[in-house]
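Dear colleague,

Please find below the structure that I am handing over to you. My findings follow it.

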Amino acid sequence: MNKIRVEYFTDTLCIWAYSAQVKLDQLKREYPDGIDLKYRFIPIFAAAHDRIQKGWAEKGGFEGYNAHQLKTARAWEHVELHPGIWVDTVPASSTVSHVFLKAAQLLEQDGHSGFAGESTVPGHTRFESLMWRIRCAFFEDCLDICDLAVLTAIADDMG
């Protein structure tokens, strides 16, 4: 069977990408040998402060964006959202997490020994598990995934 290549453009700080993971997982379960999934990181939130301050200036700034995110997430049963995102924790950029993840992705592709063993999330590669854990660190735990120490701690926790 020929595989269908799916290029998934994503940003670690995008709530829509966070919520879409359930659909990617479903595709992988239903077509385990039929999909070649390629992750591409795009800088939607490369300048997160600027994007929200300007884009939401007339809608309450960070507090307004927080309220919008919480309202959006209430419609989804499959995600959790920390009540303090974009207020208690405001990452400056998604770029640091993207570069970190791209490095991990390349290590996994090259068969680096640090990526040997089981994934922490069933059906995911170790890279995908790391990406999911990083998303959860922000959306569920309200951690600053722009901070390299936070990213390193997540990777260390995964072994």
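**Findings**

The model is predicted. Within the chain, helix H3 (residues 61–74) has the highest confidence, with a mean of 96, while helix H1 (residues 15–30) has the lowest, with a mean of 88. Over the chain, the mean pLDDT is 90, and 93% of the residues reach 70 or more.

Concerning the packing of helices, the axes of H3 and helix H2 (residues 48–55) come within 8 Å and cross at roughly 90°. H2 is therefore roughly perpendicular to H3. On the H2 side, the contact involves His49, Ile52 and Gln53, which meet Gly61, Phe62 and Tyr65 of H3. By type, the residues of this contact comprise 3 nonpolar, 3 polar and no charged.

Serine 94 belongs to the loop that lies between H3 and helix H4 (95–109). Its relative accessible area is 0%, so Serine 94 counts as buried, the cut-off being under 20%. Leaving aside residues up to four places away in sequence, Serine 94 touches Asp11, Thr12, Leu13, Phe45 and Ala46.

Finally, helix H5 (residues 126–139) consists of 14 residues. From its first C-alpha to its last, H5 reaches 20 Å, close to the 20 Å expected at 1.5 Å a residue. Of the 14 residues of H5, 13 are buried, so this helix is largely enclosed by the rest of the structure.

Yours sincerely

Key. Residues numbered from 1 in each chain as written. Predicted model: local features only at pLDDT ≥ 70, side-chain atom pairs only at ≥ 80, totals over all residues. Heavy atoms only, no water. Helix = DSSP H or I, 4+ residues; strand = E, 2+ residues; numbered from the N terminus. Expected span 1.5 Å × (residues − 1). Buried < 20%, exposed > 50% of the residue type's maximum accessible area, 1.4 Å probe, protein only. pLDDT = per-residue confidence, 0-100. Axes fitted to C-alpha atoms, helices over the stretch in contact; angles between N-to-C directions. Parallel < 35°, antiparallel > 145°, perpendicular 65-115°, else oblique. Contact = heavy atoms within 4.5 Å. Nonpolar A, V, L, I, M, F, W, Y, C, P; charged D, E, K, R; others polar.
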